[in-house]
Amino acid sequence: MNISQRADYTFQYNQKLGRHGWLRLTPAYSVKLVTEIIKQIPKGSYILDPFSGTATTGLVAAEHGLYADCFDINPFLIWLGNVKCRQYAKKDIEFLEKGISQALTNCKYLVDQECWTPNIHNITRWWSNESLKVISALRQALVDNFGEPNKHNEYAVAWIAFCRLVIETSSASFNHVSMSFHDDTRVFSFQQITKLYKSIFYTILNDVDKSLNSNVTVAFADARKIHLYSNVQYSHVITSPPYPNRISYIRELRPYMYWMKYLETPREAGELDWQAIGGTWGIATSRLKNWQPIPQIDFPLLLDTVGKIMSTAEKNSYLMATYVYKYFQDIYVHLANLRNILLPEAKVMYIVGNSSFYSIQVQTHTILEEIFYYLGYKNVESTIIRKRNSKKELFEYCVSATWNTSIDNMSIKLPSATEKSAQLSFFTSSQ
Ligand SMILES: C[S@@+](CC[C@H](N)C(=O)[O-])C[C@H]1O[C@@H](n2cnc3c(N)ncnc32)[C@H](O)[C@@H]1O
(Lines give C-alpha, C1' and ligand atoms only; values in the text may rest on other atoms or scores of the structure.)
Protein backbone atom coordinates (compact mmCIF):
# COMPACT_ATOMS: atom_id res chain seq x y z
CA MET A 1 0.00 0.00 0.00
CA ASN A 2 1.38 3.43 -0.94
CA ILE A 3 0.73 5.76 1.98
CA SER A 4 1.98 9.33 1.54
CA GLN A 5 3.20 11.88 4.10
CA ARG A 6 0.14 14.14 3.66
CA ALA A 7 1.29 17.57 4.92
CA ASP A 8 -2.43 18.50 4.94
CA TYR A 9 -2.81 16.07 7.84
CA THR A 10 -0.16 17.82 9.97
CA PHE A 11 0.14 21.08 11.94
CA GLN A 12 1.47 22.73 8.76
CA TYR A 13 -2.04 22.81 7.32
CA ASN A 14 -3.16 24.98 10.30
CA GLN A 15 -0.68 27.80 9.89
CA LYS A 16 -2.80 30.01 7.64
CA LEU A 17 -6.12 29.16 9.27
CA GLY A 18 -6.78 32.19 11.48
CA ARG A 19 -6.79 31.38 15.20
CA HIS A 20 -5.50 27.87 14.49
CA GLY A 21 -2.24 29.34 13.19
CA TRP A 22 -1.53 31.73 16.07
CA LEU A 23 1.24 29.67 17.67
CA ARG A 24 2.79 26.59 16.24
CA LEU A 25 3.25 23.28 18.07
CA THR A 26 4.78 20.58 15.90
CA PRO A 27 2.76 17.72 17.46
CA ALA A 28 -0.55 19.59 16.95
CA TYR A 29 -2.86 17.67 14.65
CA SER A 30 -4.42 18.96 11.49
CA VAL A 31 -7.58 21.09 11.43
CA LYS A 32 -8.54 19.25 8.23
CA LEU A 33 -8.44 15.89 9.98
CA VAL A 34 -10.45 17.11 12.99
CA THR A 35 -12.97 18.87 10.73
CA GLU A 36 -13.54 15.66 8.76
CA ILE A 37 -14.24 13.83 12.04
CA ILE A 38 -16.39 16.59 13.56
CA LYS A 39 -18.56 16.94 10.44
CA GLN A 40 -19.76 13.35 11.01
CA ILE A 41 -20.83 14.11 14.59
CA PRO A 42 -24.48 15.06 15.22
CA LYS A 43 -25.34 18.47 16.72
CA GLY A 44 -25.98 18.19 20.46
CA SER A 45 -23.04 15.84 20.95
CA TYR A 46 -20.64 16.49 23.81
CA ILE A 47 -17.01 16.17 22.87
CA LEU A 48 -14.04 15.61 25.17
CA ASP A 49 -10.38 16.21 24.38
CA PRO A 50 -8.31 15.07 27.37
CA PHE A 51 -4.99 15.98 25.63
CA SER A 52 -5.95 19.39 24.28
CA GLY A 53 -2.52 20.80 23.32
CA THR A 54 -3.15 23.90 21.20
CA ALA A 55 -6.93 23.25 21.42
CA THR A 56 -7.38 22.19 17.80
CA THR A 57 -10.33 19.95 18.73
CA GLY A 58 -11.89 22.67 20.90
CA LEU A 59 -11.60 25.38 18.28
CA VAL A 60 -12.93 23.23 15.42
CA ALA A 61 -15.87 22.24 17.68
CA ALA A 62 -16.53 25.92 18.53
CA GLU A 63 -16.43 26.84 14.83
CA HIS A 64 -19.00 24.12 14.06
CA GLY A 65 -21.27 24.99 17.00
CA LEU A 66 -20.57 21.80 18.98
CA TYR A 67 -19.90 21.61 22.71
CA ALA A 68 -16.47 20.49 23.82
CA ASP A 69 -14.52 20.31 27.06
CA CYS A 70 -10.78 20.27 26.68
CA PHE A 71 -8.13 19.44 29.27
CA ASP A 72 -4.37 19.50 29.39
CA ILE A 73 -1.64 19.21 31.99
CA ASN A 74 0.48 22.08 30.66
CA PRO A 75 -0.59 25.46 32.16
CA PHE A 76 0.68 27.45 29.18
CA LEU A 77 -1.32 25.34 26.73
CA ILE A 78 -4.42 25.70 28.91
CA TRP A 79 -4.00 29.48 28.76
CA LEU A 80 -3.37 29.41 24.99
CA GLY A 81 -6.38 27.17 24.37
CA ASN A 82 -8.71 29.47 26.29
CA VAL A 83 -7.42 32.55 24.47
CA LYS A 84 -7.98 30.82 21.11
CA CYS A 85 -11.50 29.61 21.95
CA ARG A 86 -12.69 32.88 23.51
CA GLN A 87 -15.39 35.19 22.13
CA TYR A 88 -14.16 38.80 22.18
CA ALA A 89 -16.43 41.76 22.90
CA LYS A 90 -16.18 44.92 20.79
CA LYS A 91 -15.19 47.01 23.82
CA ASP A 92 -12.30 44.64 24.60
CA ILE A 93 -11.03 44.92 21.04
CA GLU A 94 -11.17 48.73 21.23
CA PHE A 95 -9.35 48.72 24.55
CA LEU A 96 -6.72 46.38 23.10
CA GLU A 97 -6.07 48.61 20.08
CA LYS A 98 -5.67 51.71 22.27
CA GLY A 99 -3.42 49.83 24.71
CA ILE A 100 -1.17 48.51 21.95
CA SER A 101 -0.68 51.94 20.43
CA GLN A 102 0.18 53.32 23.89
CA ALA A 103 2.56 50.42 24.64
CA LEU A 104 4.41 50.94 21.36
CA THR A 105 4.87 54.63 22.23
CA ASN A 106 5.95 53.96 25.84
CA CYS A 107 8.33 51.23 24.78
CA LYS A 108 10.87 53.82 23.47
CA TYR A 109 11.27 55.22 26.97
CA LEU A 110 11.86 51.79 28.48
CA VAL A 111 14.59 50.61 26.08
CA ASP A 112 17.38 52.18 28.10
CA GLN A 113 16.10 50.81 31.40
CA GLU A 114 16.89 47.37 32.79
CA CYS A 115 13.69 45.50 31.98
CA TRP A 116 12.95 41.96 33.07
CA THR A 117 14.23 39.12 30.88
CA PRO A 118 13.52 35.44 31.51
CA ASN A 119 15.98 33.02 33.02
CA ILE A 120 16.39 30.94 29.83
CA HIS A 121 19.65 29.04 29.69
CA ASN A 122 22.04 30.74 27.28
CA ILE A 123 19.50 33.41 26.32
CA THR A 124 21.81 35.16 23.84
CA ARG A 125 21.78 32.03 21.73
CA TRP A 126 18.09 32.80 21.18
CA TRP A 127 18.18 36.61 20.88
CA SER A 128 20.99 39.09 20.39
CA ASN A 129 21.58 41.59 23.23
CA GLU A 130 20.28 44.38 20.96
CA SER A 131 17.02 42.54 20.21
CA LEU A 132 16.63 41.53 23.87
CA LYS A 133 16.69 45.17 25.00
CA VAL A 134 13.75 46.05 22.74
CA ILE A 135 11.76 42.84 23.37
CA SER A 136 12.04 43.23 27.14
CA ALA A 137 11.08 46.92 26.93
CA LEU A 138 8.03 46.02 24.84
CA ARG A 139 7.10 43.33 27.34
CA GLN A 140 7.25 45.88 30.17
CA ALA A 141 5.12 48.34 28.17
CA LEU A 142 2.51 45.60 27.60
CA VAL A 143 2.50 44.70 31.31
CA ASP A 144 1.95 48.39 32.16
CA ASN A 145 -1.14 48.44 29.92
CA PHE A 146 -2.64 44.99 30.29
CA GLY A 147 -1.07 43.37 33.37
CA GLU A 148 0.90 40.10 33.34
CA PRO A 149 -0.23 37.60 30.64
CA ASN A 150 -2.43 35.37 32.77
CA LYS A 151 -4.21 38.22 34.57
CA HIS A 152 -6.81 39.41 32.05
CA ASN A 153 -7.69 36.90 29.38
CA GLU A 154 -9.77 39.43 27.41
CA TYR A 155 -6.50 41.19 26.48
CA ALA A 156 -4.42 38.05 26.09
CA VAL A 157 -4.20 38.36 22.29
CA ALA A 158 -1.68 41.15 22.92
CA TRP A 159 0.45 38.43 24.53
CA ILE A 160 -0.16 35.94 21.73
CA ALA A 161 1.26 38.58 19.35
CA PHE A 162 4.20 38.97 21.76
CA CYS A 163 4.84 35.20 21.71
CA ARG A 164 4.89 35.28 17.92
CA LEU A 165 7.31 38.21 18.01
CA VAL A 166 9.56 36.32 20.40
CA ILE A 167 9.75 33.27 18.14
CA GLU A 168 10.04 35.23 14.88
CA THR A 169 12.99 37.27 16.18
CA SER A 170 14.75 34.26 17.73
CA SER A 171 17.37 32.09 16.13
CA ALA A 172 15.23 28.98 16.65
CA SER A 173 14.91 26.88 13.53
CA PHE A 174 12.06 24.49 12.86
CA ASN A 175 13.47 22.64 9.90
CA HIS A 176 13.73 19.43 11.87
CA VAL A 177 11.13 17.49 13.83
CA SER A 178 12.68 18.89 16.98
CA MET A 179 13.71 22.53 17.21
CA SER A 180 17.33 23.59 16.60
CA PHE A 181 19.23 26.90 16.26
CA HIS A 182 20.49 28.95 13.32
CA ASP A 183 24.26 29.39 13.43
CA ASP A 184 24.18 33.12 14.14
CA THR A 185 21.90 35.17 16.39
CA ARG A 186 19.93 37.73 14.40
CA VAL A 187 20.02 41.42 15.30
CA PHE A 188 16.82 43.46 15.03
CA SER A 189 16.52 47.22 15.48
CA PHE A 190 13.88 49.01 17.59
CA GLN A 191 11.95 49.97 14.44
CA GLN A 192 12.03 46.42 13.03
CA ILE A 193 10.78 44.87 16.27
CA THR A 194 7.98 47.35 16.91
CA LYS A 195 6.86 47.24 13.26
CA LEU A 196 6.85 43.43 13.31
CA TYR A 197 4.85 43.36 16.57
CA LYS A 198 2.25 45.76 15.17
CA SER A 199 1.84 43.73 12.00
CA ILE A 200 1.47 40.44 13.93
CA PHE A 201 -1.00 42.04 16.32
CA TYR A 202 -3.26 43.34 13.54
CA THR A 203 -3.23 39.98 11.74
CA ILE A 204 -4.35 38.32 14.96
CA LEU A 205 -6.95 41.01 15.64
CA ASN A 206 -8.52 40.22 12.30
CA ASP A 207 -9.09 36.62 13.45
CA VAL A 208 -10.49 37.73 16.82
CA ASP A 209 -13.23 39.64 15.02
CA LYS A 210 -14.70 36.42 13.61
CA SER A 211 -17.11 35.05 16.19
CA LEU A 212 -17.40 31.38 17.18
CA ASN A 213 -20.58 29.28 17.28
CA SER A 214 -20.27 27.68 20.72
CA ASN A 215 -18.42 28.13 23.99
CA VAL A 216 -15.50 25.83 24.57
CA THR A 217 -13.17 25.87 27.56
CA VAL A 218 -9.81 24.35 28.35
CA ALA A 219 -9.04 23.35 31.95
CA PHE A 220 -6.33 21.61 33.91
CA ALA A 221 -6.55 17.83 34.27
CA ASP A 222 -4.21 14.91 34.50
CA ALA A 223 -5.68 12.57 31.89
CA ARG A 224 -4.79 9.58 34.09
CA LYS A 225 -7.45 10.81 36.57
CA ILE A 226 -9.74 12.48 34.06
CA HIS A 227 -12.91 11.25 35.85
CA LEU A 228 -12.01 13.45 38.85
CA TYR A 229 -12.05 16.66 36.79
CA SER A 230 -15.38 16.47 34.98
CA ASN A 231 -19.01 15.70 35.86
CA VAL A 232 -20.11 15.56 32.24
CA GLN A 233 -20.84 12.32 30.36
CA TYR A 234 -19.35 12.62 26.89
CA SER A 235 -20.67 11.18 23.64
CA HIS A 236 -17.35 11.55 21.78
CA VAL A 237 -13.67 11.69 22.56
CA ILE A 238 -11.49 13.18 19.81
CA THR A 239 -7.89 13.47 20.81
CA SER A 240 -4.24 13.02 20.09
CA PRO A 241 -2.25 11.92 23.15
CA PRO A 242 1.54 12.21 23.25
CA TYR A 243 3.24 9.50 21.16
CA PRO A 244 5.91 7.23 22.67
CA ASN A 245 8.62 9.05 20.71
CA ARG A 246 10.41 11.13 23.34
CA ILE A 247 9.27 14.45 21.88
CA SER A 248 9.04 17.02 24.65
CA TYR A 249 6.34 19.68 24.37
CA ILE A 250 8.14 21.79 26.96
CA ARG A 251 11.24 21.84 24.79
CA GLU A 252 9.40 23.47 21.89
CA LEU A 253 7.21 25.67 24.09
CA ARG A 254 9.93 26.89 26.41
CA PRO A 255 10.56 30.32 24.80
CA TYR A 256 6.86 31.18 25.23
CA MET A 257 6.62 29.61 28.65
CA TYR A 258 9.59 31.55 30.02
CA TRP A 259 8.54 34.92 28.56
CA MET A 260 4.95 34.41 29.79
CA LYS A 261 6.25 33.41 33.26
CA TYR A 262 4.83 29.90 33.10
CA LEU A 263 8.37 28.65 33.72
CA GLU A 264 11.09 30.17 35.82
CA THR A 265 13.82 27.54 36.08
CA PRO A 266 15.08 24.58 34.04
CA ARG A 267 14.19 22.34 36.97
CA GLU A 268 10.53 23.39 36.70
CA ALA A 269 10.63 22.41 33.02
CA GLY A 270 11.81 18.91 33.94
CA GLU A 271 9.19 18.64 36.72
CA LEU A 272 6.40 19.58 34.30
CA ASP A 273 7.63 17.09 31.75
CA TRP A 274 7.74 14.35 34.37
CA GLN A 275 4.03 14.98 35.03
CA ALA A 276 3.26 14.65 31.31
CA ILE A 277 2.70 11.28 29.70
CA GLY A 278 5.74 10.48 27.55
CA GLY A 279 7.68 13.41 29.10
CA THR A 280 11.39 13.15 28.66
CA TRP A 281 13.03 16.51 29.38
CA GLY A 282 15.81 16.95 32.01
CA ILE A 283 14.86 15.50 35.37
CA ALA A 284 12.03 13.51 33.74
CA THR A 285 14.60 11.19 32.17
CA SER A 286 16.61 10.65 35.35
CA ARG A 287 13.38 9.94 37.29
CA LEU A 288 12.61 7.15 34.83
CA LYS A 289 15.59 5.22 36.12
CA ASN A 290 13.80 4.64 39.43
CA TRP A 291 10.33 4.09 38.01
CA GLN A 292 8.74 0.72 38.79
CA PRO A 293 6.04 -0.76 36.54
CA ILE A 294 2.64 -1.53 38.05
CA PRO A 295 2.90 -5.34 37.80
CA GLN A 296 -0.84 -5.79 37.25
CA ILE A 297 -0.91 -3.78 34.02
CA ASP A 298 0.80 -5.89 31.39
CA PHE A 299 -0.07 -7.08 27.91
CA PRO A 300 1.62 -9.66 25.73
CA LEU A 301 2.36 -7.17 22.94
CA LEU A 302 3.61 -4.47 25.31
CA LEU A 303 5.84 -6.88 27.20
CA ASP A 304 7.11 -8.30 23.94
CA THR A 305 8.02 -4.81 22.66
CA VAL A 306 9.62 -3.75 25.95
CA GLY A 307 11.57 -7.02 26.08
CA LYS A 308 12.85 -6.57 22.51
CA ILE A 309 14.08 -3.04 23.25
CA MET A 310 15.86 -4.38 26.36
CA SER A 311 17.53 -7.16 24.42
CA THR A 312 19.18 -4.77 21.96
CA ALA A 313 21.66 -4.29 24.84
CA GLU A 314 22.41 -0.74 23.69
CA LYS A 315 23.81 1.77 26.19
CA ASN A 316 20.36 3.20 27.01
CA SER A 317 18.17 0.23 26.18
CA TYR A 318 17.00 -0.20 29.78
CA LEU A 319 16.00 3.46 29.94
CA MET A 320 14.21 3.38 26.58
CA ALA A 321 12.39 0.15 27.48
CA THR A 322 11.27 1.76 30.76
CA TYR A 323 10.13 4.84 28.85
CA VAL A 324 7.90 2.76 26.55
CA TYR A 325 6.61 0.66 29.44
CA LYS A 326 5.62 3.69 31.50
CA TYR A 327 4.04 5.41 28.50
CA PHE A 328 1.61 2.53 27.89
CA GLN A 329 0.85 2.00 31.56
CA ASP A 330 -0.09 5.70 31.79
CA ILE A 331 -2.31 5.39 28.71
CA TYR A 332 -3.93 2.28 30.22
CA VAL A 333 -4.80 4.12 33.45
CA HIS A 334 -6.20 7.02 31.41
CA LEU A 335 -8.43 4.76 29.29
CA ALA A 336 -9.59 2.82 32.34
CA ASN A 337 -10.67 5.93 34.23
CA LEU A 338 -12.12 7.55 31.11
CA ARG A 339 -14.88 4.91 31.15
CA ASN A 340 -16.47 6.68 34.14
CA ILE A 341 -17.30 9.77 32.10
CA LEU A 342 -18.52 8.21 28.85
CA LEU A 343 -22.13 7.97 27.74
CA PRO A 344 -23.44 4.56 26.64
CA GLU A 345 -22.12 3.86 23.12
CA ALA A 346 -19.72 6.82 23.27
CA LYS A 347 -17.28 6.81 20.38
CA VAL A 348 -13.61 7.45 21.12
CA MET A 349 -10.99 8.38 18.50
CA TYR A 350 -7.28 8.48 19.33
CA ILE A 351 -4.81 9.79 16.75
CA VAL A 352 -1.48 8.14 17.52
CA GLY A 353 1.87 7.49 15.90
CA ASN A 354 4.18 4.53 16.17
CA SER A 355 7.87 4.89 16.94
CA SER A 356 11.09 2.97 16.86
CA PHE A 357 13.90 2.39 19.37
CA TYR A 358 17.13 0.79 18.12
CA SER A 359 15.18 -0.49 15.07
CA ILE A 360 12.53 -2.13 17.27
CA GLN A 361 9.10 -0.94 16.13
CA VAL A 362 6.72 0.25 18.83
CA GLN A 363 3.33 -0.38 17.23
CA THR A 364 1.37 2.13 19.28
CA HIS A 365 -1.90 1.47 17.47
CA THR A 366 -1.90 -2.30 18.05
CA ILE A 367 -0.93 -1.95 21.71
CA LEU A 368 -3.69 0.64 22.10
CA GLU A 369 -6.17 -1.75 20.43
CA GLU A 370 -5.13 -4.41 22.93
CA ILE A 371 -5.71 -2.02 25.85
CA PHE A 372 -9.16 -1.01 24.52
CA TYR A 373 -10.26 -4.64 24.22
CA TYR A 374 -8.93 -5.42 27.63
CA LEU A 375 -10.87 -2.58 29.22
CA GLY A 376 -14.16 -3.69 27.65
CA TYR A 377 -14.43 -1.22 24.78
CA LYS A 378 -15.89 -2.72 21.59
CA ASN A 379 -15.72 -2.10 17.80
CA VAL A 380 -12.00 -1.43 18.18
CA GLU A 381 -10.26 -0.63 14.90
CA SER A 382 -7.34 1.33 13.45
CA THR A 383 -7.20 3.24 10.20
CA ILE A 384 -3.96 4.55 8.79
CA ILE A 385 -3.82 8.32 8.27
CA ARG A 386 -0.38 9.10 6.91
CA LYS A 387 3.26 8.22 6.75
CA ARG A 388 5.24 10.34 9.20
CA ASN A 389 8.74 10.10 7.94
CA SER A 390 10.27 9.63 4.52
CA LYS A 391 12.83 7.05 5.62
CA LYS A 392 11.55 5.08 8.56
CA GLU A 393 8.35 3.09 8.64
CA LEU A 394 6.55 5.51 10.95
CA PHE A 395 2.82 6.06 10.49
CA GLU A 396 -0.06 7.89 12.13
CA TYR A 397 -3.31 6.05 12.83
CA CYS A 398 -6.77 6.76 14.13
CA VAL A 399 -7.59 4.10 16.69
CA SER A 400 -11.32 4.13 17.41
CA ALA A 401 -13.59 2.22 19.77
CA THR A 402 -17.06 2.33 21.33
CA TRP A 403 -17.68 2.25 25.06
CA ASN A 404 -19.42 -0.99 25.98
CA THR A 405 -21.79 -0.20 28.82
CA SER A 406 -22.37 -3.82 29.73
CA ILE A 407 -19.21 -3.74 31.84
CA ASP A 408 -20.33 -3.18 35.45
CA ASN A 409 -17.11 -2.81 37.32
CA MET A 410 -15.18 0.13 36.00
CA SER A 411 -12.40 0.11 38.52
CA ILE A 412 -9.18 -0.73 36.71
CA LYS A 413 -9.39 -4.36 35.61
CA LEU A 414 -6.15 -6.20 36.08
CA PRO A 415 -4.91 -9.14 34.01
CA SER A 416 -4.57 -12.58 35.55
CA ALA A 417 -1.14 -13.95 36.35
CA THR A 418 -1.25 -16.31 33.36
CA GLU A 419 -1.65 -13.37 31.01
CA LYS A 420 1.74 -12.06 31.98
CA SER A 421 4.49 -13.10 29.66
CA ALA A 422 7.96 -14.21 30.64
CA GLN A 423 9.17 -10.87 29.31
CA LEU A 424 8.12 -9.17 32.54
CA SER A 425 10.52 -11.24 34.62
CA PHE A 426 13.16 -10.52 31.98
CA PHE A 427 12.47 -6.81 32.43
CA THR A 428 12.50 -6.77 36.21
CA SER A 429 15.46 -9.13 36.61
CA SER A 430 17.61 -7.00 34.30
CA GLN A 431 17.45 -3.86 36.43
C1 LIG B 1 -0.01 15.46 20.85
S2 LIG B 1 -0.29 16.78 21.97
C3 LIG B 1 -1.92 17.24 21.58
C4 LIG B 1 -1.95 18.08 20.36
C5 LIG B 1 -3.32 18.64 20.06
N6 LIG B 1 -4.18 17.65 19.47
C7 LIG B 1 -3.18 19.85 19.18
O8 LIG B 1 -3.74 19.84 18.07
O9 LIG B 1 -2.46 20.79 19.53
C10 LIG B 1 -0.50 15.95 23.50
C11 LIG B 1 -0.86 16.85 24.67
O12 LIG B 1 -1.05 16.02 25.81
C13 LIG B 1 -0.69 16.78 26.95
N14 LIG B 1 -0.48 15.85 28.08
C15 LIG B 1 0.58 15.06 28.32
N16 LIG B 1 0.39 14.35 29.45
C17 LIG B 1 -0.83 14.67 29.92
C18 LIG B 1 -1.60 14.28 31.04
N19 LIG B 1 -1.14 13.39 31.93
N20 LIG B 1 -2.82 14.82 31.21
C21 LIG B 1 -3.31 15.74 30.33
N22 LIG B 1 -2.61 16.18 29.26
C23 LIG B 1 -1.40 15.65 29.04
C24 LIG B 1 0.56 17.54 26.52
O25 LIG B 1 0.76 18.68 27.35
C26 LIG B 1 0.20 17.89 25.07
O27 LIG B 1 -0.38 19.15 25.02
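Residues are numbered from 1 along each chain as its sequence is written. Because the model is predicted, local features need pLDDT of at least 70 and side-chain atom pairs count only at pLDDT 80 or more, while totals for chains, interfaces and linings use all residues, and side-chain values use heavy atoms, with hydrogens and water left out.

Let me begin with the fold. The protein has 15 helices and 11 strands, where helices (H or I, at least four residues) and strands (E, at least two) are DSSP runs numbered from the N terminus. For 431 residues, a compact globule would have a radius of gyration near 22 Å, and the 23 Å of the protein agrees with that; the radius is taken over C-alpha atoms, and the globule rule is 2.2 Å times the number of residues to the power 0.38. Buried residues make up 58% of the 431, buried meaning under 20% relative accessible area with a 1.4 Å probe and protein chains only. Among contacts (heavy atoms within 4.5 Å) between residues at least 6 apart in sequence, 75% join residues at least 24 apart.

Now to the ligand. Of the 24 residues around the ligand, T54, T56, D72, A223 and I277 come nearest, a residue being near if one of its heavy atoms lies within 4 Å. A polar side-chain atom of T56 lies 2.5 Å from a ligand oxygen atom, whereas a backbone N or O atom of A221 lies 3.4 Å from a ligand nitrogen atom, and a polar side-chain atom of R224 lies 3.5 Å from a nitrogen atom of the ligand. Taken alone, the ligand exposes 600 Å², and the protein buries 99% of that, with areas from the Shrake-Rupley method and a 1.4 Å probe.

Finally, helix α14, residues 364-374, is largely enclosed by the rest of the structure, because 8 of its 11 residues are buried; among them are H365, E369 and Y374. Just after α14, G376 takes a positive phi of about 90°.

Terms used
Polar contact = N/O pair within 3.5 Å; in protein donor to acceptor, adjacent residues only side chain to side chain. Buried < 20%, exposed > 50% of the residue type's maximum accessible area, 1.4 Å probe, protein only.
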